[in-house]
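The following note sets out, point by point, what may be read from the model shown here. Please keep the structure in view while going through the points.

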Amino acid sequence: MDNVLLHLHPDFSEELERVILNWNSVQTEKRFIGVHLKRDFEKSLLTKGAIELTKAFQLGAQIRTESGFSPDNGILIFTEKRIFEGNYYQLYYGGSEETDPYPIVDVVSLDFIRNLFNQLKKGKDYVFQAILSNILNAQAQGAGLLTHDDTRGCILDFCNYMPDILVGLENGPKFCPKDILNVKKLHKEYLFELAEVVEKRRYKIDNDKEVNTRILSSEKPRLEENASEFDYDVALSFAGEDRRYAEELAKELKHQNIKVFYDGFEKANLWGQDLLVYLSDLYRLRAKFCIMFLSNHYAKKLWTNHERQAAQNRAFKESREYILPIRLDDTIIPGILDTVGYLNWHEERVTDIAECIRQKLLIRR
Ligand SMILES: [Zn+2]
């Protein structure tokens with residue numbers, strides 16, 4: 001079975017993992033494997049700006065090698081950057097020739113997708129649907145199908161022209177009659193299964209434990225120590241009900257010239273709301289530590305539904321070095337080990353907590 005490594009973009013990693021499981025469960029031709037990126041790779045791909053296509057290909061190839069996979073395994077990576085200049089609507093580039101220095105690396109650029117969907121006031125779901133369709137398009141091309149210039153509402157006119165993409169998203173990821181025949185001729189029927197998973201977003205498997213064991217990730221740690229690259233020393237995560245504590249600490253940290261990300265200083269809608277997004281999101285690339293205010297309110301925010309819990313646990317495990325917990329009460333937060341040292345807000349003065357943080361930053365540097 002062929003492997004296709006799929007970069008788990010931090011904004012969509014949970015959704016992508018579920019889709020991967022579904023893909024893997026409906027067909028036996030391609031095995032999709034989710035890969036988390038190391039911090040430096042992630043940062044170079046997921047911060048704004050432009051990226052040379054060659055550079056993106058090179059990164060993709062490097063990620064594949066460092067995850068221990070040979071160049072005959074495909075890899076698909078996402079970048080927030082533009083891969084072409086100007087107003088060219090290219091979302092996706094891949095299917096490099098065998099003679100290329102970086103074979104079977106596909107690059108999906110989210111720059112245009114996000115811009116357009118912001119203008120259309122479409123949300124994350126729409127962007128995700130576009131991502132899935134891009135992946136399917138990449139797989140179809142990889143299987144030997146050709147894109148066509150005329151619009152047929154087909155997955156194979158999907159990658160080049162935004163209006164076509166919008167039609168494609170409305171219609172669902174279908175193959176035109178000609179390409180249905182081509183798929184059959186090439187014996188690539190698994191593409192139909194992929195299309196069906198994309199269209200219905202069939203989530204047959206609803207067991208997070210299975211997500212954990214069946215999704216292989218790169219063994220490399222996601223966070224690498226390189227203090228100078230961080231925009232903030234610490235970021236504060238808290239439930240809205242506990243804002244007064246966070247604000248008090250934020251002010252003290254600022255007073256001590258510690259660079260702090262606190263939504264009272266910089267508006268960020270999701271702050272303290274969605275921890276999973278928060279932990280896996282680009283913020284994580286921006287602060288050396290996350291100060292987490294653990295409380296009854298915080299726990300309620302985290303586990304509004306059971307399904308998320310395992311994913312949260314995993315996020316915590318991966319972030320062990322990154323999280324500095326402060327307890328506001330005795331609520332147990334699954335995933336945060338009891339052995340992780342924490343401060344008790346009610347036993348410390350805020351100046352002492354700030355001092356501890358300052359010490360921690362000194363060690364880290
Ligand atoms: Zn077609």
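1. Two strands are taken to pair if DSSP finds at least two bridges between them.

2. The protein chain has an average pLDDT of 76, and 73% of its residues score at least 70. Helix α7 (residues 177–185) has the highest confidence, at a mean of 95, whereas helix α9 (residues 208–214) has the lowest, at 39. Over residues 202–228 the pLDDT stays under 50, although the model has 48 contacts beyond four places in sequence for this stretch. Residues 267–273 are likewise below 50, with ten contacts in the model beyond near neighbours in sequence. Where pLDDT is low, the predicted coordinates should not be read in detail.

3. As to overall content, the protein chain comprises 14 helices and ten strands. Of its 365 residues, 39% count as buried. Among contacts between residues at least 6 apart in sequence, 70% join residues at least 24 apart.

4. The strand β1 also pairs with strand β2 (residues 30–35), to which it runs parallel and is joined by six bridges. Here His-7 has Val-35 of β2 as its bridge partner. Together with helix α1 (residues 13–26), β1 and β2 make a right-handed β-α-β unit.

5. Is β3 mostly covered or mostly uncovered? The strand is mostly covered, six of its six residues being buried. Gly-74, Leu-76 and Phe-78 point one way from β3, while Ile-75, Ile-77 and Thr-79 point the other way. In a regular strand the side chains alternate between the two faces of the sheet.

6. Phe-78, one of the buried residues of β3, stands opposite Val-108 in β5.

7. Helix α1, already noted in the β-α-β unit, packs with helix α8 (residues 190–200) at an angle of about 145°, their axes lying 9 Å apart. The crossing of α1 past α8 is right-handed. Which residues of the two helices meet? From α1 they are Val-19, Asn-22, Trp-23 and Val-26, and from α8 they are Glu-193, Leu-194 and Val-197.

8. An open sheet of five strands, with parallel pairing, has the order β7-β6-β8-β9-β10. Each of β7 (260–261) and β10 (343–344) has a single partner strand and stands at an edge, so one side of each is left without a neighbour in the sheet. The pairing of β7 with strand β6 (residues 232–237) is parallel and involves two bridges, with Phe-261 of β7 as the bridge partner of Ala-235. Helix α10 (residues 243–255) packs on this sheet and touches β6, β7 and β8 (287–294). The direction of α10 makes about 170° with that of β6.

How values were computed. Residues numbered from 1 in each chain as written. Predicted model: local features only at pLDDT ≥ 70, side-chain atom pairs only at ≥ 80, totals over all residues. Helix = DSSP H or I, 4+ residues; strand = E, 2+ residues; numbered from the N terminus. Right-handed = clockwise from strand over helix to strand, strands pointing away. pLDDT = per-residue confidence, 0-100. Contact = placed C-beta atoms within 7 Å. Buried ≥ 20, exposed ≤ 12 C-beta atoms within 10 Å, placed from the backbone. Axes fitted to C-alpha atoms, helices over the stretch in contact; angles between N-to-C directions. Left-handed = near helix turned anticlockwise from the far one by under 90°.
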